[in-house]
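Here is a briefing for a first look at this structure. Start with the view below, then read on topic by topic.

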Amino acid sequence: MENPFTDEYFMKKALLEAEIAFEKGEVPVGALIVVDNKIIARTHNLTELLNDVTAHAEIQAITSAANFLGGKYLKGCTLYVTLEPCQMCAGALYWSQISKIVFGARDEQRGFITLGTQLHKKTHVISGVLSQEASDLMVRFFALKRK
């Protein structure tokens, strides 16, 4: 029997969170954290709502998952995020010791790969999962902002 809980399955859930952010006027980034095929954190950017530059989807997800697990380390967990994490988020992910990060679209200007930020040596990264869908959402959002 084929496992229905693929990276694409969970990235579609993260994209739903990004759509919620879009509707709220937030930069449309969605994130969730999964352990044993169970979503334990689901969120999106909240920087405008909270008036907080650190309220990125990844930071919100880390906090929520740590609270759910009752500890600060996210070993055995996977982060699904629609956009490549920035340097700040990569730093937080480093300290969380998350096991896996799966992201959609690259952020060629502010992404941790572009900026050379290192993750924890045990963190596995997969990029480009549903990248076109994630990228299209960002393009649509910023096109509306420019009008």
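Aspartate 7 has a relative accessibility of 16%, which is under the 20% limit, so aspartate 7 counts as buried. The side chain of aspartate 7 forms a salt bridge with that of lysine 100, at 3.4 Å from N to O. This pair joins distant parts of the chain, since aspartate 7 sits in helix α1 and lysine 100 in strand β4, 93 residues apart. The model is a predicted one.

**Overall build**

- The protein has six helices and five strands.
- Along the sequence they follow the pattern α-β-β-α-α-β-α-β-α-β-α.
- The radius of gyration is 14 Å, close to the 15 Å that the globule rule gives for 147 residues, so the protein is as compact as a globular protein of that length.
- Along the principal axes, the C-alpha atoms fill a box of roughly 45 × 35 × 30 Å.
- Of the 147 residues, 46% are buried.
- Among contacts with a separation of 6 or more, 57% are between residues 24 or more positions apart.

**Nonpolar core**

- In soluble globular proteins, nonpolar side chains tend to be buried together.
- Here the largest nonpolar core holds 35 residues.
- Ile33, Leu79, Tyr80 and Ile98 have the most contacts inside this core.
- Eight elements each give the core at least two residues: helices α1 (7-23), α3 (57-69), α4 (87-96) and α6 (131-146), and strands β1 (30-35), β2 (38-44), β3 (78-83) and β4 (100-105).
- Strand β1 gives the largest share, five residues.
- Which residues does isoleucine 33 touch, leaving aside neighbours within four places in sequence? Its contacts are Lys38, Ile39, Ile40, Ala41, Ala61, Ile62, Ala65, Leu74, Cys77, Thr78, Leu79 and Ile98.

**Helix α3**

- Helix α3 has 13 residues.
- From first to last C-alpha, α3 reaches 18 Å, close to the 18 Å expected at 1.5 Å a residue.
- The buried residues of α3 are Ala57, Glu58, Ile59, Ala61, Ile62, Ala65 and Ala66.
- Their cover includes β1, β2, β3 and α4.
- Ala61, Ile62 and Ala65, buried in α3, are also among the contacts of isoleucine 33.
- Just after α3 comes glycine 70, with a positive phi of about 75°.

**Helix α6**

- The 16 residues of α6 should span 22 Å at 1.5 Å a residue. The end C-alpha atoms of α6 are 23 Å apart, which agrees.
- Which residues of α6 are buried? They are Ala134, Leu137, Met138 and Phe141.
- Seen down the axis of α6, these buried residues fall within an arc of 95°, so they line one face of the helix.
- That buried set packs against α1, β3 and β4.
- The face turned away from the buried side carries the exposed residues Gln132, Val139 and Arg146.

**Salt bridges**

- Side chains of opposite charge can pair when their charged atoms come close.
- How many salt bridges does a search of the whole structure find? It finds four.
- The side chains of glutamate 19 and arginine 140 form another salt bridge, at 3.4 Å from N to O.
- Glutamate 19 lies in helix α1 and arginine 140 in helix α6, so this pair ties together parts that are 121 residues apart in sequence.
- Glutamate 19 is partly exposed, at 32% relative accessibility.
- Arginine 140 is partly exposed too, at 40%.
- The side chains of arginine 106 and glutamate 108 meet in a salt bridge at 4.0 Å, N to O.
- Salt bridges with shared partners join Glu84, Arg106 and Glu108 into one network.
- Is glutamate 108 buried or exposed? Its relative accessible area is 54%, which is over the 50% limit, so glutamate 108 is exposed.

Technical notes
Residues numbered from 1 in each chain as written. Predicted model: local features only at pLDDT ≥ 70, side-chain atom pairs only at ≥ 80, totals over all residues. Heavy atoms only, no water. Core = buried A, V, L, I, M, F, W, Y, C linked by side-chain atoms within 4.5 Å. Buried < 20%, exposed > 50% of the residue type's maximum accessible area, 1.4 Å probe, protein only. Helix = DSSP H or I, 4+ residues; strand = E, 2+ residues; numbered from the N terminus. Contact = heavy atoms within 4.5 Å. Expected span 1.5 Å × (residues − 1). Arc of directions from axis to C-beta. Rg over C-alpha atoms; globule rule 2.2 N^0.38 Å.
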